[in-house]
Amino acid sequence: MTTAASVRVRLDERIVGAGTNARFALLILLLVTSSGSMLLPVLDALHSGDFDGCTLAAGADPAHSTELPSLLRVTGQVLAFLPCVDRYAPYPPWWQILAGPAVVTAVAALTMAALPLWKQRAAHCVRLDRIPAGAEVAARVQELAAGRVTQVPRLFVVPGAATRSAAVFGTNGSPRLVLDGGLVASHATDPKTFDAVVLHELAHVANRDLTVTYGTVALWRTFIVVVIAPYLVWLGWERSLGIAGGHDRTPTSLIVRALALPAVTTAMMYFARADVLRSRELYADLTAHRWKAPLEHVWAAMPATVEHPRGPWSVTALLDRLRTHPRWEIRRDALDDPAPLFAVSAMLMFLTGVMAMLMGFDLSDYTSAHPAVLTGWLSEGIAAVPAAVATAATTATLWRATIRAAALGRRSPTGLRAGAWLGLGLIAGSLLSGQTTGDLWLPRRMWVLVLVLAAAVAFTCWTCQCARLATASWPGRTLRLPLALCLTVGWLLLAAWFGWWDNNAAQYAVGFWYDSAGMSQAIVHWFPGVGTVHPAAISVMAETVPALRIAAFRPLMPAATVAAWMTPLALWFAGTAGPGPGWLRPLGAAAGGGTTTDPTTARRWRVPGARRVTVSALIGGAVTVLGVAGVQVWLHTLHAGPGQRGGMYAFSYAIWSLWAITVGTAVAAATAAASARFRLLTALVAAGISALLGLAGTTVLISVDGCVQPLDVLNSSCAWRPAWQQLQPGNTFSLIAHSALLMAPVAAAVITAAAVLVRLARRAVRGSRTAPAPRPRVDLPRTETGDRLAGSAVLVVGVSVLAIVAVLTAGDARADLTPAGRTTAASEAAFQQTSGLPVLPASSQLRWQQVHAWYRLGGRYLLEHAINDADSMVTQLRSAMRNKQLYITPALMTGMRPVCQDIRNVASWEPSGYFQVPDPTAEKSWHQYGVTAGNGSQDCMRAVDEKDVKAFESSIIELLTARTNALDASNRVKAIINDPSDPVFNGRPTQPPQPL
Amino acid sequence: MSAQSQQAAGVLVRDVVRAVVKDCVPEEAVVVEGLLRYSDAQVLARLRGRRQGRDPLGFGLAEVAPLVTPVLWLTLEAARQRLADAVVDGAAHGSASLWRRLLRRRSTPELIPPLTRAQQALVQRMVIEAAAEAGLSQQRARRIADGVVAGLALSEPGRPPSGGATGAAR
């Protein structure tokens with residue numbers, strides 16, 4: 001039997017990509033993106049405008065503008081806010097925002113070009129071809145390079161350096177090798193060391209390490225000069241101005257965060273770069289070893305060191321992590337067993353998390369300066385960038401660890417620890433950027449951060465199990481194809497998650513939640529007619545539906561949720577259809593789970609059969625159908641008459657059906673998760689298929705509603721009425737479909753976690769009894785019919801899933817492609833209804849500032865016009881008075897029409913044309929004016945046009961009421977400003993900014 | 001006094017180093033030739049300073065090879081300094097001397113004047129001690145020290161002046 005050790009030697013470290021380029025890319029992208037977002041405040045400081053005025057006029061607090069109430073005030077009045085900012089404090093133009101990254105990239109490119117020239121400067125080293133005695137050394141290097149590297153490096157020597165070392169620099173296309181004097185001398189005295197060192201350096205050239213390494217160095221140096229320096233200058237300048245002026249109200253948490261950002265970026269830069277470089281060193285050693293470099297000779301000459309026991313977080317261990325080269329003992333051991341190149345490093349996972357989160361936040365910062373351009377798809381595209389690099393960095397690492405475990409027949413990594421570190425990194429990034437905290441030190445809702453941890457763990461567990469499935473069964477000779485599939489889908493999953501987190505869920509941690517009363521009112525109006533259900537059910541729905549709706553309708557969500565379970569299904573199908581793992585064959589029969597000495601481990605690697613998944617999915621589908629039928633029976637017992645089947649009644653029918661589907665998927669997942677192997681994947685596939693079956697069953701049941709009397713809910717007669725038409729109002733059927741797809745993987749993940757916990761608890765209760773005897777492996781004889789059946793089933797599932805995703809995505813296309821700037825008054829009102837528009841509790845000084853800004857930037861114009869129009873109306877009316885009696889003549893009516901038109905124009909600024917008055921009392925009067933004057937002016941014009949004296953008379957009464965409202969609002973505002981000599985009353989009033 | 005006449009009255013440190021390395025440690029020829037492309041002051045600065053091994057793609061070992069050239073050059077410089085200090089007038093330690101030193105630092109190669117037998121023995125002893133300290137074998141140290149003495153003898157009256165070594169010709 002082949003031993004594990006001999007397999008170990010033959011396991012090539014290049015079996016799949018190293019993922020180090022992805023880590024470099026993560027680093028580079030982080031620097032480039034943060035160069036934009038860190039320079040934004042500097043740019044803003046140069047574009048000084050009256051941004052605070054707009055914030056105040058909106059009723060927000062500029063000193064706490066990132067706090068939820070202020071954010072809601074601004075977002076809820078975006079139709080007034082964006083034009084205001086556009087007029088008084090225009091955001092920097094796009095070219096200026098993108099100038100940061102562009103300049104950093106350009107300067108880094110120049111630095112990159114200059115770096116080799118600097119390193120090879122005459123004061124530092126001498127060209128070897130200028131030294132006659134160096135010909136022999138050069139010839140030996142040429143000899144070693146022949147056939148190993150495409151580009152022989154130019155040679156330099158540092159004669160003053162007595163070390164026996166060397167280094168490569170330059171680019172992959174134009175490499176340079178600089179030899180230390182000590183190494184050159186050892187060419188004659190110790191040729192083995194010379195060869196080993198030179199071959200190691202040539203291995204760097206062959207592994208194409210140069211461009212990316214020195215590119216990062218150049219970028220980092222540029223970043224310090226071009227970004228960090230101006231950023232710190234700006235920070236210092238702003239603080240000192242604030243302190244000197246005595247008006248520095250910036251919270252300490254924001255200042256600390258602003259200072260921590262460059263410090264943490266620097267630390268991450270060093271740790272992450274050192275981590276990548278250390279693995280590049282090991283790769284270079286192994287490449288050189290393959291070229292027969294006598295590296296053992298070098299290590300044999302090293303002095304023996306005493307190993308001190310130390311913890312993973314000791315100072316020495318941390319300093320080790322800053323080294324660009326691993327300790328020589330590690331390098332020596334790696335030649336025999338390249339275990340470090342297959343290990344999952346906790347710090348790497350953590351750093352990946354921090355960097356991805358910071359990058360996502362930086363990128364969303366770009367569009368926050370131009371929120372009007374943001375569409376659903378654009379926000380997904382932005383989220384896809386950090387998702388791409390984070391996926392590439394983590395997936396490669398986890399796959400490598402799994403492959404090694406498979407080759408050695410060991411337990412594969414579960415992904416739990418890696419996911420926990422990744423999640424902690426994401427959380428740290430989120431806290432550092434202030435994304436979830438606003439102005440506070442910690443989020444208001446800490447528990448929301450658990451979602452981050454859970455998502456990260458789910459992602460890494462999914463990746464590990466997919467890797468295990470592929471390594472255990474993939475028939476191809478290399479694992480590149482399943483790895484590529486896993487990378488792509490992992491990217492999709494993380495992109496969908498980042499999109500949801502950055503745009504929605506992070507706000508939940510800040511403290512945002514939907515206004516359930518407003519939501520209930522909105523739902524009631526979706527379905528025409530009246531109808532109700534239990535009030536508790538309504539409030540539960542109003543609380544949960546908005547959050548579910550937001551998550552399920554994210555553009556990438558349908559594709560991502562389906563891909564989460566279609567990928568393992570495809571891998572499983574490809575695996576069972578083939579003759580077993582093809583990539584393991586060259587490694588010998590011992591490799592892989594089948595014949596290791598540990599039977600429990602061996603079982604873990606065995607691919608599960610189709611039966612459990614199929615049965616679980618069918619059970620789930622059946623539960624759903626029964627559940628929907630149960631809902632119908634229950635609603636039928638409410639005996640709603642034909643006029644009472646709208647409103648909440650119809651909506652709750654849809655939502656209860658959705659919960660029936662979700663319960664079905666959860667049951668399917670639970671049945672499948674009882675499996676001992678690939679628990680998450682079997683649960684996912686079972687839940688996914690169950691959701692499809694459940695959705696189909698629900699659609700049929702709702703479509704034939706009315707055909708089975710005890711199940712009648714919406715109809716009393718039998719006919720085929722497609723469910724998507726019956727539940728069309730409020731896009732409700734689409735909500736069911738989207739949510740059913742979303743809930744399948746979510747339910748599967750939750751159920752799997754619960755199953756694992758139950759298993760652990762049971763094991764803890766029973767104590768560590770002897771492990772159960774391994775069951776003998778029974779391989780059912782494969783039949784052609786069975787294969788064909790499974791193939792057809794997978795094909796049917798795949799096609800139907802693709803069709804559903806295509807229909808859903810296409811159905812949402814219009815909404816997802818509409819920029820946020822095209823907000824309508826209706827959508828703003830809907831936002832205010834579902835999210836609320838809180839009145840900030842403010843000190844009298846802040847309230848004064850808010851009301852003053854409101855009055856200055858357009859409020860005075862509106863109020864004065866409202867009062868002037870009303871006065872001219874009164875004047876005309878007085879002229880038509882005889883003996884205290886109003887005589888309505890055609891002339892009066894015709895003369896009043898322009899006045900009514902004017903009043904209508906003024907009233908049209910309320911409620912969404914201009915800001916609400918920040919003072920609640922004044923706002924009440926002003927809103928009243930808007931409503932009354934709007935109606936009255938319309939009635940007036942209609943009455944004039946129709947020559948209807950009676951209607952005209954009642955419209956005049958409305959307009960006179962409106963006049964009182966306007967006067968009330970004006971008096972209240974003036975009372976708050978409380979200073980008739982205030983400059984705001986002088987000159988002509990400023991017209992409110994015109995809508996964009 | 002011009003450089004030409006100085007050369008006639010002594011021997012350059014760099015010439016001695018070159019001659020000794022050529023005879024005793026030919027494997028360090030590249031090192032010496034490389035160093036000879038710098039001025040004496042630059043060479044000394046390089047030999048005295050520690051090179052920082054911060055190359056991200058270096059081999060990563062700071063292990064120092066037991067090279068003869070640095071030991072030799074630094075010892076000869078120390079000896080030259082010692083002998084020079086012994087003869088220089090105390091007044092020369094003033095600012096004018098400093099200025100002269102600064103000027104010389106850039107251009108003039110260091111010169112060892114003709115030595116007496118006792119002085120040669122002193123230099124020989126210094127070389128042996130430094131070589132032993134650097135970890136060279138006693139036999140090798142003695143061979144090198146003998147080479148140095150032979151090199152210094154170039155400056156004795158009646159010997160022709162050394163050719164070629166004109167300092168930092170790059």
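How many residues lie between S3(A) and S4(A) in the hairpin that they form? There are four. Colleagues, please keep in mind that this is a predicted model.

I shall start with strand S4 of chain A, residues 175-180. Its neighbour S3(A), residues 166-170, runs antiparallel to S4(A) and is joined to it by five bridges; here Phe169(A) stands opposite Arg176(A). Strand S2 of chain A, residues 154-158, also pairs with S4(A), in the parallel sense and over five bridges, with Phe156(A) opposite Val178(A).

In a regular strand, side chains alternate between the two faces of the sheet. In S4(A), Pro175(A), Leu177(A) and Leu179(A) point one way, while Arg176(A), Val178(A) and Asp180(A) point the other way. Six of the six residues of S4(A) are buried.

Next, the interface. Chain A contributes 49 residues to the contact and chain B contributes 26. The two chains bury about 3,200 Å² between them, 64% of it from carbon and sulfur atoms. On the chain A side, Pro159(A), Ala162(A) and Arg164(A) lose the most area to chain B, together 17% of what that side buries.

In a salt bridge between Arg164(A) and Glu63(B), the N to O distance is 3.1 Å. Helix H8 of chain A, residues 181-189, gives the largest share of the side of chain A that touches chain B, six residues.

Finally, helix H26 of chain A, residues 679-703. Its 25 residues should span 36 Å at 1.5 Å a residue, and the end C-alpha atoms, 35 Å apart, agree with this. Because 22 of those 25 residues are buried, H26(A) is largely enclosed by the rest of the structure.

Methods. Residues numbered from 1 in each chain as written. Chains lettered and ligands numbered in written order. Predicted model: local features only at pLDDT ≥ 70, side-chain atom pairs only at ≥ 80, totals over all residues. Heavy atoms only, no water. Buried < 20%, exposed > 50% of the residue type's maximum accessible area, 1.4 Å probe, protein only. Helix = DSSP H or I, 4+ residues; strand = E, 2+ residues; numbered from the N terminus. Pairing = 2+ DSSP bridges. Expected span 1.5 Å × (residues − 1). Contact = heavy atoms within 4.5 Å. Buried area = accessible area lost by both parts, 1.4 Å probe. Salt bridge = Lys/Arg side-chain N within 4 Å of Asp/Glu carboxyl O.
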